Amino acid sequence: MRVVYRAQDEPPATREEYWRDVIDRTIGPMDIRFPGGLDERERIVTGRVGATNIAAWESGPGEVTHTTAHARRSDPDVFHLFVHGQGSVVGEQAGRQAKLVPGDVTLVDTSCRSGAFTRCPTLCA
């Protein structure tokens with residue numbers, strides 16, 4: 001079943017807290033900053049294909065950090081495969097950085113620290 005989450009569906013007073021909770025439940029635990037605040041681009045669509053959970057995340061500029069504490073909360077048998085569809089992201093894990101653009105695919109080990117920084121709207125699935 002497909003589920004669509006939009007940050008703008010929540011009232012402004014509780015929007016950021018709501019969106020952090022949605023990200024935690026659908027993508028995974030992480031710290032996230034929105035320097036310009038949340039806007040209409042913030043959307044996550046989730047679904048399943050067999051045993052695989054799928055999520056498409058559209059976002060404005062921001063910064064995410066998956067810390068050691070987040071890694072401890074993550075399932076060590078789960079990896080995230082990101083397909084970058086729009087915008088650019090600088091991703092970092094295990095001391096390596098890469099600029100990711102549409103068409104790039106990344107595999108993220110959720111049991112390790114990682115981060116990503118974006119200055120423009122992005123879409124990852």
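Author: One thing to keep in mind is that this is a predicted model.

Reader: Okay, and which residues have the most contacts inside the largest nonpolar core?
Author: They are Trp-19, Ile-23, Ile-27, Ile-44 and Trp-57, in a core of 14 residues. Helix H1 (15-26) and strand S4 (52-59) are the elements that give two or more residues to this core. The largest share, three residues, comes from H1.

Reader: Let's stay with H1, then. Which of its residues are buried?
Author: Arg-15, Trp-19, Val-22 and Ile-23 are buried there. Looking down the axis of H1, you would find its buried residues within an arc of 100°, so they line one face of the helix.

Reader: And what covers them?
Author: The cover over the buried residues of H1 includes strand S1 (3-6), strand S2 (31-33), strand S3 (43-49) and S4.

Reader: How does the span of H1 compare with what it should be?
Author: The two agree: twelve residues at 1.5 Å a residue should span 16 Å, and the end C-alpha atoms of H1 are 16 Å apart.

Reader: What follows H1?
Author: That's Gly-28, and its phi is positive, near 145°.

Reader: You mentioned Ile-44. Where is that, and is it buried or exposed?
Author: Ile-44 sits in strand S3. Ile-44 counts as buried because its relative accessibility is 0%, and buried means under 20%.

Reader: What does Ile-44 touch?
Author: Setting aside neighbours within four places in sequence, Ile-44 is in contact with Val-3, Val-4 and Tyr-5, with Trp-19, Val-22, Ile-23, Thr-26 and Ile-27, and with Ala-55, Ala-56 and Trp-57. As for Val-90, 46 residues away along the chain, its C-alpha atom is separated from that of Ile-44 by 20 Å.

Reader: And Ile-27, what is that in contact with?
Author: With the neighbours within four places left out again, the contacts of Ile-27 are Val-22, Ile-44, Ala-55, Trp-57 and His-80.

Reader: Switching topic: how many aromatic pairs are there?
Author: The count comes to one aromatic pair. Tyr-18 and Trp-19 form it, with 6.3 Å centre to centre and 45° between the planes, and the pair is tilted.

Reader: What does the side chain of His-66 reach?
Author: The backbone oxygen of Pro-29, at 2.8 Å. Beyond its neighbours within four places in sequence, His-66 has contacts with Pro-29, Ala-71, Ser-74, Thr-110, Cys-112, Arg-113 and Ser-114.

Reader: What about Ala-69, where is that?
Author: Ala-69 belongs to helix H2 (residues 68-73). Ala-69 counts as partly exposed, at 41% relative accessibility. Between Ala-69 and Ala-56 there are 25 Å in space, C-alpha to C-alpha, and the two are 13 residues apart in sequence.

Reader: And which residues does Phe-79 touch?
Author: Phe-79 touches Leu-107, Val-108 and Asp-109, residues up to four places away in sequence not being counted. Phe-79 and Val-108 are 5.6 Å apart in space, C-alpha to C-alpha, and 29 residues apart in sequence. Phe-79 itself is in strand S6 (residues 79-86).

Reader: Why does Phe-79 count as partly exposed?
Author: Because its relative accessibility is 44%, and partly exposed lies in between under 20% for buried and over 50% for exposed.

Reader: Last one: where does Asp-77 sit?
Author: Asp-77 is in the loop between H2 and S6. Asp-77 is exposed, with a relative accessible area of 67%. From Asp-77 to Ser-111 there are 34 residues in sequence and 8.2 Å in space, C-alpha to C-alpha.

Reader: Thanks, that helps a lot!

Key: Residues numbered from 1 in each chain as written. Predicted model: local features only at pLDDT ≥ 70, side-chain atom pairs only at ≥ 80, totals over all residues. Heavy atoms only, no water. Phe/Tyr/Trp six-rings, centres within 6.5 Å; stacked < 30°, edge-to-face > 60°. Polar contact = N/O pair within 3.5 Å; in protein donor to acceptor, adjacent residues only side chain to side chain. Contact = heavy atoms within 4.5 Å. Core = buried A, V, L, I, M, F, W, Y, C linked by side-chain atoms within 4.5 Å. Buried < 20%, exposed > 50% of the residue type's maximum accessible area, 1.4 Å probe, protein only. Helix = DSSP H or I, 4+ residues; strand = E, 2+ residues; numbered from the N terminus. Expected span 1.5 Å × (residues − 1). Arc of directions from axis to C-beta.
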